Amino acid sequence: MTRTGTALAATVKQFARTPVLVALLVVLPAYFVGLLGVVVPDSPVVASVPSATVETTLGAAVLPMLATLAAVMVAGIAGLFLTVNTLDADGWLALAGLPSRSLFAARAAALSAAAAVASLASTAVLVVHVAPDQVVLFVASTLVLGVTYGLVGAVVGVVLDTLVGVYVMLFAPAVDLFLFHSPLAADPPSWSAVFPGRWAGVAAIDAALTADPNWGAFAVGLAYLGGAAVVAAVAVRRAVTV
Amino acid sequence: MRARSAAVGASAHAKSVLRKPATLAMLAVLPPFVVVLYGAAMASFPDVAFLSASAESYGRMGGALFATAFLSGLVGLFGTVSAERADRYLSFAGFPAVVLFATRVVVSVGVAGLAAVVSLVALVGAGTGVASLPLAYAVLVLAGVLYSLLGVVVGALVPRELEGSLVLVFLADFDSFLSGGVLDVNTDFVEFLPLHYPHALFTSAVRRGTLAGEPLVPAVAYLAVFVVAAGVAYAAATGRGWSL
Amino acid sequence: MPNISKQSGTGDADVVLDADGLAKTYSSRLPWEPDVPVLRGASLELRAGEIVGIVGENGSGKSTLMQCLVGVLDPDAGTVSRPGGVGWCPQDDRLYDRLTVDETFRLFGEAHGMTGAEIAAAADRLTDRLDFQRFRDRRVDRLSGGNRRKLTLSVSLMHDPDVLLLDEPYTGFDWETYLAFWDLAEDLSEQGTAVAVISHLVSEQDRFDSIYELADGELTEADDAGA
């Protein structure tokens, strides 16, 4: 564990020593949710989650989803760059003998920390406008989805060009959460279930709008997270080593 | 002399953008993806303020607009960040900053033009009839140039790819969510979003084949403001290294 | 790609690195861009304690050759055998720019499998030898180019490898550091480490046991190296 611990400490220092980045982890979700909370009206709407149909206001229906989306977007972009920015140095470190699993574990832990910061910042601003019914599950689901997209970002970053990767990580969470799995969407196509938002995202929205935890969706979300971790570990290892 | 410098500069900047296979592939492949996905997703929204039969095509139109705009925005951002030191060195070597900036704008228009073609072809190919292709194309290019200039501003102020991408993504998503009409937001604030007027113009060009009666003047005014803002930010970045 | 930490091997103990018939061509994904053949059957054998220079024009493929020797790049053809541990000083500084000098030593020392005491001793020794000990608490992105180069060089040899492959190691060095580098290289050679230096500056041929020139993708031994 010493090697992983050392790699983790180095990863945290490498990225936490960028004040602008650390600030953005908090400021961007906060601005996003805060401003939308002010702008979105309280007109009555019907929100759909798997367990229930809820009559509520537009703000109460969409703001939790937007808070999750904000954390997910931060995590996705961060995952991409956390991986891509240090590929050369990581390659040299791997050549020096650091096992790729140690480096991956360190990076995944750092990404999770970034996603946690963004999730907490998002939720903190969200509760100013509307409080989720189950705050802990809401944060946990948001975190799971954030880390999942962060790992997807890592894969996208090493497989595609950075610019292309950012484009993908801009649209994928937005299409997933804001469109396909929005609580305002009544009947998304069945194939949209392949998106991670169908599971951890829906668990988050469910936790925000109802008192019944959607453990099934959360569990599948965790499974998606595990799958994304495996794919990311393989993709990054191939990118770092020859 | 300045015209020749501008041509040389524009050619160099264009090559630095286009000599990347992944960027070219992205130009061709991703906008159609976005158009189709947006259309499929919007079809499941029951309460938007138009006939449900056109929800899918409305989604595709939004997808075409956003796909073009954000691709151009990212190219503007990344181009500015990656070339910031080189442009500063060029400026030091004697290339007039205003000409350098003009070349960036020219390349932005070119990239927006290419992205707009792909998005428009995808829109038509997905089954949405376009009443006026030239007008629709022009509006897409306008949206692309707007976002490309926004990308230049962000890239000049935050000259690092990670942080700049985060800022641009959050600006872009905020814009797309509110200007696309998915959320029925009734506030004057929405009129300040970069894609608010292009969205109305594009819808009119696609559905009615005309821009008459649409807010063309505010859209062009917005473009002028962005050109000035991008010029100031760019000049500061290449001249004095002023950035976060 | 094999880990290049120390490996036990059979065969001639004197030969610490053996490369045979290396070929490498860079191809572009864009069909209108030409392929660039760089290596066309380059071969090299390094023995314990040798100091070897590799020279060539800009663009002749020296860095490509070194990356193939190290194992970072797979050649299109040919084989490389590395019975001993290898240290590599790349031409570009592949460092984590927010870490300090000491933190960099710690991280790479862990990767090499060194103990904390060994890492500390290596850091003390090398920062003193190359005269950058007063920058140990400074972040990499706040080091001068020359000091970054010293750090890269130090990290490449901190684990006492059998073979040291150095790509333009003294770029940015001041004169005293350049001399200190050669003192260090000669000490390593006396201890049995083979040192291969890629440089376009081999004006002091008598420092090298052999000098090879990379031209047209092949390595040939130059006639005017020192004994």
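**Close-up views of a predicted three-chain model**

**View 1. A patch of negative charge on the surface of chain C.** D216(C) is placed in the loop that runs between strand β8 (210-215) and strand β9 (218-221) of chain C. The model shown here and in the views that follow is a predicted one. On the surface, D216(C) gathers with E57(C), E213(C) and E218(C) in a patch of negative charge. D216(C) counts as exposed because its relative accessible area is 65%, and the cut-off for that word is over 50%. E57(C), another member of the patch, sits in the loop between β3 (51-55) and α1 (62-70) of chain C. E57(C) is exposed as well, with a relative accessible area of 65%. Although E57(C) and H200(C) are 143 residues apart along the chain, their C-alpha atoms are separated by 7.3 Å.

View 2. The loop between α3 (116-129) and α4 (145-157) of chain C holds D131(C). Most residues other than glycine have a negative phi. With a relative accessibility of 39%, D131(C) counts as partly exposed. Side chains of opposite charge can pair when their charged atoms come close. Here the side chain of D131(C) meets that of R134(C) in a salt bridge, with a distance of 3.6 Å from N to O.

View 3. D160(C) belongs to the loop between α4 and β6 (163-167) of chain C. This residue is not a glycine, and yet its phi is positive, at about 55°. The relative accessibility of D160(C) is 42%, and the residue is therefore counted as partly exposed.

View 4. E186(C) and R207(C) form a salt bridge in which the closest N and O atoms are 3.3 Å apart. Because E186(C) lies in helix α5 (residues 175-190) and R207(C) in the loop between β7 (194-198) and β8 of chain C, the pair ties together parts that are 21 residues apart in sequence. E186(C) is partly exposed, with a relative accessible area of 29%, whereas R207(C), at 19% relative accessibility, counts as buried. A network is also found in chain C, where salt bridges that share partners join D97(C), R98(C), R139(C) and D141(C). One pair of residues from this network, D141(C) and R139(C), meets through its side chains in a salt bridge of 2.9 Å from N to O. D141(C) is partly exposed at 28% relative accessibility, while R139(C) is buried, with a relative accessible area of 14%. Over all chains, the structure holds 18 salt bridges.

**View 5. Helix α8 of chain A and what covers it.** Helix α8 of chain A spans residues 200-209, and it is largely enclosed by the rest of the structure because 10 of its 10 residues are buried. Among these buried residues are A200(A), V202(A), I205(A), D206(A) and L209(A). The cover over the buried residues of α8(A) includes the strands β1 (44-49) and β2 (52-57) of chain A. It also includes the helices α3 (58-84), α6 (135-159), α7 (162-180) and α9 (215-240) of chain A.

View 6. V26(A), V27(A) and V117(A) together make a nonpolar surface patch of about 210 Å². V26(A) is found in helix α2 (residues 19-39) of chain A. With 36% relative accessibility, V26(A) counts as partly exposed.

**View 7. Chain B, built from helices.** The secondary structure of chain B consists of 8 helices and 0 strands, so that, read from the N terminus on, its elements run α-α-α-α-α-α-α-α. Chain B has 244 residues, and buried residues make up 57% of them. Of the contacts in chain B with a separation of 6 or more, 75% are between residues 24 or more positions apart. Chain B exposes about 9600 Å², of which carbon and sulfur atoms supply 68%.

Definitions and conventions. Residues are numbered from 1 along each chain as its sequence is written. Chains are lettered from A and ligands numbered from 1 in the order in which they are written. This is a predicted model: local features need pLDDT of at least 70, side-chain atom pairs count only at pLDDT 80 or more; totals for chains, interfaces and linings use all residues. Side-chain values use heavy atoms; hydrogens and water are left out. Patches are made of residues with over 30% relative accessible area and no salt bridge: like charges are joined within 9 Å, nonpolar side chains (Val, Leu, Ile, Met, Phe, Trp, Tyr) within 5 Å. Accessible areas come from the Shrake-Rupley method with a 1.4 Å probe; for residues, only the protein chains shown count as cover. A salt bridge is a side-chain nitrogen of Lys or Arg within 4 Å of a carboxyl oxygen of Asp or Glu. Lys and Arg count as positive and Asp and Glu as negative; His and the chain ends are not counted. The place of a charge is taken as NZ of Lys, CZ of Arg, CG of Asp or CD of Glu. Helices (H or I, at least four residues) and strands (E, at least two) are DSSP runs, numbered from the N terminus. Buried means under 20% relative accessible area, exposed over 50%, partly exposed in between (1.4 Å probe, protein chains only). Contact means heavy atoms within 4.5 Å.
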